[in-house]
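This briefing describes the fold and selected local features of the protein chain shown below. The points are grouped by topic for quick reference.

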Amino acid sequence: MAKSALKSSLLARFRLNWNHLKSKLLMKYALSYILMFLIPLTAVTIFVYENAVKGLRVEIEQSNVNQLNQVKNTIDTRMVELQEISGRIAYDRHLTPYMVRHPYYSLEAIQALANYKASSSIAEDLFLYFHDDSNIYSYRGLADLNVAFNTLYQFEHWSPENIRQALNETRQPLMRPAENVTVNSRKESMLVMLVPVKPNDPFPYGTVVYLMKESKLTGVMDSILRNFSGSSYIFSATGEVLTANSHGVNLPKEELNTLSTLEPGIHSLELDGEQYSVVSVQSEENGWTYVTTMPSFQFFSRVAHVQTLILLVFCITVITGIAAALLLAKRQYHPIKDLMEFAKLRGSGNESLKLRNEWEWIRQTLHEYSARIDLQEPFVRNQCMLLLLKHGKPDDPEIEQMILSAGLRHPQGQDLYFSAILSWDNTVPGASSSHERHLLQEMLSNICLPGPDAQIFGVEFSAKDQFALIISLPGDEDGPVQSRMEQVIEAVQAVIREHSQLALSIGVGMAYRDLARLNQSFIEAAAALEHRMIRRSGQVTYFEQLTEPNPPAAENFWIPRKSMLKLEQSLKQGNESVARQMIADTIDTIKDEPLQAGLLRCICFDLLNAFLRTASELGMDEVFADMPGLTSFETLEELESRLRSLATAICEQVERNTETGESTLMDDILAYVDQQFADYTLSLEHVALKFAISTSYLSRSFKEKTGSNFSQYIWQRRVDEVIRLLENTSAPLKEIIEQVGYLDAPNFIRKFKKETGLTPGQYRKDHALKGTAAKRPV
């Protein structure tokens, strides 16, 4: 059992986490947070990497520049030394043509050449040649020119004839590029420098020849450049490659020509299909160009440790950031998830989440709630106003706030409030008459009359063919209150006459400054309207103007007719609070009068008769069964107690009668809708006109009766009928859909599938298969 419980817990947790992962909104949150830090992080990483690499590259290249300048300075120094040696040879008296050729002094000349050769660290050999001579002189002695350059030194590309020509015709110092020279059967790559003597003389008489091993120059370069991994070159002033120190990379001649023409500085070039970092410096002494080239991949290999470090830091930051982003996204999504769960609990809970994300679901839900609120708003407003008319200002602060938000002025102000009741006289049954009444009710539901500066609110209540008005007047204006009330009622009559030909009577209650006493005015308006029976129909009756035919004198006092009318009307309206107030006021009035016992008894029985008369009209036969108990009172206090109990019973009966009447009406309406639901012309307005009620009253009453609004109920009845026909008939689908009053077949199929999960065709097929399986014999 424990293992099973653990397995169930793990499955539930996995299912919960998987639901989270299936949430597109959660994924969007996570992705947005990841992008929010990943994009700047990537940009910063690239910036740091580029700057680090660039800085290191500049540092390496600048180091190469400095080292290459050092190479240039070192080699220039060596070349200057060779030219200085040539100058000293030119002015050495031991090395004149006469002394060199003299049998006795020639030994001194040979010794002098040996000394000059020894003073140079770079020269491998030194020769002195005089123009048009067949011999050449070195520290070893006299040698024939052909023997020296055909036997001792054999150049690969420089023939003896060319050598002789160069020795006789050179007028400026000349450096020949390195080439292979055979020396004593051994090949050496050597450079040759020719310096005329005397130097800078337009008519030199000889030439000093220096032979240098190329390795001497490249050794100088390697010793200074140290661990340089590229290639280095020295170009002459004419662009020839004097020496090249290539580390496994031999560039084509065309690329070398490009290098020889570079300006001093740092360059990034593509050579032989690869990217190179090139550094170039130029000598001011002899015009030579010193160049180093390093392949970019070799350069980047030197910054690999920087790249690895940056990449490692980037990966760690990305992993940490993704974890933080997921945590933040989950925390951000949690309130939305709670909101959805709350909405599902409040809703049907059967809707599948087929929208793109939760925000759209919440937006759609809010739209649906808003539509429901808009639908219920007239009902709520009417109920609040009805509370005012029946019970005065409520004690509930929320209901009071809703009443004030409807547009009534603040009850603590100086405004005047009174009520009026409109009653249609001799209404003719039919759609036209009902339509006019509905139009007037909607028009008077909330209007402002600019002339008398009055705010009017219409209220539907249970009485048939009647409509109540709550009227608010500014209380700080001058003039008699009664005349201002009459002005408002005349303006209301003008509006009614402009839009309707129906005859109606109006009963108007008295005006009060306290909103809590509006229920008193409503009862007075009902009493005034009932009093119209003794007057002509179609007129306005003001409760204030109801007077006694002959005002009673003190000795023949009777209860005022206005008080009796108001008391009876409060009982007929079922307004217990006003009835109790009128009972207390009437008893207090009787107590204040010095009446004889017989007259007092008659007045008390007249008051009791008013209650019994109302109870009789309501069919309350049980009241008369306790007649001895009602009439056996000895004091006014006992009478007041019995009248209060009787008022409570009468008002409760009025409420029951009202509820029964409304229930019966809604039963008739529901039966009609069930009978006519397949009529495609059936609508809320159609039913409201047929039963002579307003669409707003029908909408809210229908919702209270069935639990769904009118359109939802019609749709469900049609769906149920379609399902019944699909299961029990083979009629074509289009015919079935039209038969239930739905003309748009594609839209019906779409809504049917959304509700049932199957199209009508699939539903019929599935049901047919189930039916076949059910009928299959076992």
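Which strands does helix α15 lie across, and at about what angle does the helix run to β13? Helix α15 (residues 518–530) lies across β13, β16, β17 and β18, running at about 35° to β13. Contact means heavy atoms within 4.5 Å, and the angles, from 0 to 180 degrees, are taken between N-to-C directions of lines fitted to C-alpha atoms, for helices over the stretch in contact.

This is a predicted model, in which local features need pLDDT of at least 70 and side-chain atom pairs count only at pLDDT 80 or more, while totals for chains, interfaces and linings use all residues. Residues are numbered from 1 along each chain as its sequence is written, and side-chain values use heavy atoms, with hydrogens and water left out.

**Overall composition**

- The protein chain has 27 helices and 18 strands; helices (H or I, at least four residues) and strands (E, at least two) are DSSP runs, numbered from the N terminus.
- Of its 778 residues, 42% count as buried, where buried means under 20% relative accessible area, exposed over 50%, and partly exposed in between (1.4 Å probe, protein chains only).
- Among contacts between residues at least 6 apart in sequence, 61% join residues at least 24 apart.

**The six-stranded mixed sheet**

- An open sheet of 6 strands runs in the order β14-β15-β16-β13-β17-β18, with mixed pairing; two strands pair if DSSP finds at least two bridges between them.
- Its edge strands are β14 (446–449) and β18 (540–542), each of which pairs on one side only.
- On average, neighbouring strands of this sheet are turned by 20° against each other, direction ignored.
- Strand β17 (residues 504–508) pairs with β18 in the parallel sense over 3 bridges, and isoleucine 506 stands opposite valine 540 in β18.
- Helix α14 (residues 481–499) lies across β13 (416–424), β14, β15 (454–459), β16 (466–473), β17 and β18, at about 40° to β13.

**The five-stranded antiparallel sheet**

- Another open sheet has 5 strands in the order β9-β8-β12-β11-β10, with antiparallel pairing.
- Strands β9 and β10 (265–271) stand at the edges with a single partner strand each, so one side of each is left without a neighbour in the sheet.
- Neighbouring strands here are turned by 20° against each other on average, direction ignored.
- Helix α7 (residues 214–225) lies across β8, β9 and β12, running at about 50° to β9.
- Helix α8 (residues 253–260) also packs on the sheet, touching β8, β9, β10, β11 (274–282) and β12, and its direction makes about 70° with that of β8.

- Strand β8 (residues 231–235) is mostly covered, with 5 of its 5 residues buried.
- Ser231, Tyr233 and Phe235 are buried on one side of β8, and Ser232 and Ile234 are buried on the other.
- Antiparallel pairing joins β8 to strand β12 (residues 289–295) through 5 bridges, and isoleucine 234 has tyrosine 290 as its bridge partner in β12.
- Strand β9 (residues 241–245) is likewise antiparallel to β8, with 4 bridges between them.
- Within this pairing, serine 232 stands opposite asparagine 245, and phenylalanine 235 has valine 241 as its bridge partner.
- The two strands β8 and β9 form a hairpin with 5 residues between them, and glycine 239 in the turn has a positive phi of about 95°.

**Backbone geometry in loops**

- Most residues other than glycine have a negative phi, and most peptide bonds are trans.
- Asparagine 184 has a positive phi near 50°; this residue lies in the loop between β5 (174–183) and β6 and counts as exposed at 57% relative accessibility.
- Serine 185, found in the loop between β5 and β6, has a positive phi of about 65° and is exposed at 76% relative accessibility.
- The peptide bond from valine 197 to lysine 198 is cis, with omega near 0°, and lysine 198 is placed in the loop between β6 (186–197) and β7 (206–213).
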